[in-house]
Amino acid sequence: MIRRLLCLVLLLPAFAHADVDPRFARLRDTAEPLGGLGAFLERYIGECGSLFASSDCRTKADAFRKHYRGKRMYMIVTEEVATMVAPGAYQPNTGHFSVHVTPVFSGGRYALTDGTPKKTDAEGTPLLPALTMTGTSPQGWNGGVFSRLFSSQGVRVQVIFTPLDIWTLTQPGGGKTFGVAARIEAILVTEGRTGQQMGLWLEGKDAPKKK
């Protein structure tokens, strides 16, 4: 869990400010950078039933949600934990390709999701339809290069979102799982090594909200 949280620390590496689509850049510049998704979700959800919870746990959680609910946030999901992104079709004649992102972003025990999920898979992971973006590969790429970026954890994801409500789902084996429903405004997929833009998804503009 500690390793996952460290991977999700969003200290804005230098290439995060490389040349990207100006639409994404404008949104990013109006958003607050997120320090770590796991810690943010823990404080936003504020489970206070534990024996180790402080007496003012609920008060702190309420204040934290009041401060951040509806506020635009920006986070980077590093290559090691960007399991929500997957390759789509690659057209060798044109270099056009598609990338799929399932908008479920794990942070420790919790998850940030695009909207409120209705059910989970057998492992308790929330199920949501993937969002699709398209791009064109640079000179020298082929289908093998494209596929290896994903199989070798070479893709990074940047997300602009607004946190909203807390959701609760029943786990397949019993018990409850919690998460935060958000409005995903933009998702930028880049090559992790160079920061080169591979695809951009914008809410209500370049792609339909749901498939």
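The buried residues of helix H2 pack against strands S2 (73–77), S8 (155–170), S9 (176–191) and S10 (197–202). Contact here means heavy atoms within 4.5 Å. The model is predicted: local features need pLDDT of at least 70, side-chain atom pairs count only at pLDDT 80 or more, and totals for chains, interfaces and linings use all residues. Residues are numbered from 1 along each chain as its sequence is written, and side-chain values use heavy atoms, with hydrogens and water left out.

**Exercise 1.** Find which residues of helix H2 (residues 22–29) are buried, and which exposed residues face away from them.

*Solution.* 
- Step 1. Buried means under 20% relative accessible area, exposed over 50%, partly exposed in between (1.4 Å probe, protein chains only).
- Step 2. Phe24, Ala25, Leu27 and Arg28 are the buried residues of H2.
- Step 3. They cover an arc of only 165° around the axis, so they lie on the same side of H2. The arc is that of the directions from the helix axis to the C-beta atoms.
- Step 4. The face turned away from the buried side carries exposed Arg26 and Asp29.

**Exercise 2.** Classify the ring pair Phe64 and Tyr68.

*Solution.* 
- Step 1. Rings of Phe, Tyr and Trp (its six-membered ring) pair if their centres lie within 6.5 Å; planes under 30 degrees apart count as stacked, over 60 as edge-to-face and the rest as tilted.
- Step 2. The whole structure holds ten aromatic pairs.
- Step 3. In Phe64 and Tyr68 the centres are 4.8 Å apart and the planes at 45°, so this pair is tilted.
- Step 4. Phe64 is buried at 10% relative accessibility, and Tyr68 is buried at 14%.

How values were computed: Helices (H or I, at least four residues) and strands (E, at least two) are DSSP runs, numbered from the N terminus.
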